[in-house]
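Here is a short report on one protein chain. Look over the sequence and the model, then read on.

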Amino acid sequence: MAHQAVSQDTPWEKVAESIEFIPAEYSSRAQPESVAREMLRCESVEIDRLVDAGLPFEDRSGVRHFDANDLYNLGMYSNKGNTQPELAFRMLFRFAGRPVDALLREKSWDFKVELECVDCAGAAPWHFEAPDVARYGGRAEVATTPQPSSGTAEYAATITTTGARTPIVSPVLRKLTQDYLDAGYRWQMIPVPMQADYQLVHALGATSCIAASLFLAERFRSAGYRAEAKRGWFCGVLGGALDLPHACVEVEDDDGAVRTVDIAKSQLAARLSADTAEFQELCLGSVYNKVIPSTASGNAAFGHHECGSQTPAQVRADIRSAR
């Protein structure tokens, strides 16, 4: 799908046409209209217009409820300048327009994860895909690991990350990466289960970090390279009190070294400003200190509880800059 550009005075109906709403099978319409108005900085009459333009909702006791991803994407691409998603995006990526030297230094993070088994069937061991930073020059000082229990468990550590300039060597890998960037897929906020269905995501003309990494890893393997999408966390978001799972591609380059391709962050930085070219290049093979890789593959869960419950465990991270 060719996405339409929007300007500041574009009506909400045109903004709605420019994005892809989350399909019903992946949608969770849990946000009441009051939250929608706050996120989009608009009045009820404008919500009416968005609904008429196709914004999905559920009526609960006379109150319309919406999917948070749909609301985020509407704000992100509204070009209004004052919506919560636009303001959060600019704050989140303000570092990308600065010299990248600060991203190559050691950086320590207070890393805490809470695992919760909502429909717990009893005490049992937990499995958690822990930070995997040593391979990239980092280290982990673990304070707490999940112990067999019921309901909840915790992982806590001080994680030190670092960066290194290791640009892609292979012209084949670089071309495949550039072809993806040139394909016109639009980054959108998408539920993690839907991101794993990366063929659906790309068929809609959209993309996300997990979907993009799964897709690109497949392209790299088809070209004869060893490649795998891997999950992790993007750090320093809104002070740290936000779980922001991340994904990239790990690929063995022509010189035998494993390099990371952080395709989604390159896309997002390009959308922010032309002044982010240095950071965009860093995303194509190098590592930087705002990402904590994990042992989880691209479409795998960060953790599960072995109690026998059929409900997936919830994993919430709180990652803050260490003092």
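How many nonpolar, polar and charged residues does the lining of the largest cavity have? The lining has seven nonpolar, five polar and two charged residues. Keep in mind that this is a predicted model.

## The cavities

The whole structure was searched for cavities of 30 Å³ or more, and three were found. The largest has a volume of about 180 Å³. Its lining is made of 14 residues. Closest to the centre of this cavity are Y136, V287, Y288, V291 and P293.

β11 covers 245–252, and β14 covers 291–297. Each of them supplies at least two residues of the lining of the largest cavity.

## Two domains

Domain 1 runs over 12–93, and domain 2 over 95–322. Their C-alpha centres lie 26 Å apart. Domain 1 gives 16 residues to the contact, while domain 2 gives 23 residues.

## Helices α2 and α3

Helix α2 spans residues 33–40, and helix α3 spans residues 44–52. Their axes come within 10 Å of each other. They cross at roughly 100°. Angles of 65 to 115 degrees count as roughly perpendicular, and α2 and α3 are therefore roughly perpendicular to each other.

Which residues meet here, in α2 and in α3? From α2 come E33, A36, R37 and L40. From α3 come S44, I47 and L50. Sorted by class, the residues of this contact are four nonpolar, one polar and two charged.

## Helices α4 and α5

Now take another pair. Helix α4 is made of residues 68–76, and helix α5 of residues 84–92. They pack at an angle of about 75°, and their axes are 7 Å apart. This angle also falls in the range from 65 to 115 degrees, so α4 and α5 are roughly perpendicular to each other.

In α4, the residues of the contact are L71, Y72, G75 and M76. They meet P85, E86 and F89 in α5. By class, the contact of α4 with α5 has five nonpolar residues, one polar residue and one charged residue.

Conventions
Residues are numbered from 1 along each chain as its sequence is written. This is a predicted model: local features need pLDDT of at least 70, side-chain atom pairs count only at pLDDT 80 or more; totals for chains, interfaces and linings use all residues. Side-chain values use heavy atoms; hydrogens and water are left out. Axes are lines fitted to C-alpha atoms, for helices over the stretch in contact, and angles run from 0 to 180 degrees between N-to-C directions. Helices (H or I, at least four residues) and strands (E, at least two) are DSSP runs, numbered from the N terminus. Angles under 35 degrees count as roughly parallel, over 145 as roughly antiparallel, 65 to 115 as roughly perpendicular and the rest as oblique. Contact means heavy atoms within 4.5 Å. Ala, Val, Leu, Ile, Met, Phe, Trp, Tyr, Cys and Pro count as nonpolar, Asp, Glu, Lys and Arg as charged, and the others, Gly among them, as polar. On a 1 Å grid over the protein atoms alone, a cavity is a set of points where a 1.4 Å probe fits but cannot get out, and a pocket is an open set with protein on both sides within 12 Å along at least five of seven lines; lining residues have an atom within 4 Å of a point. Grid points are joined across faces, edges and corners, and a volume is the space filled by probe spheres set on the points. Domain bounds come from an automatic or database domain assignment.
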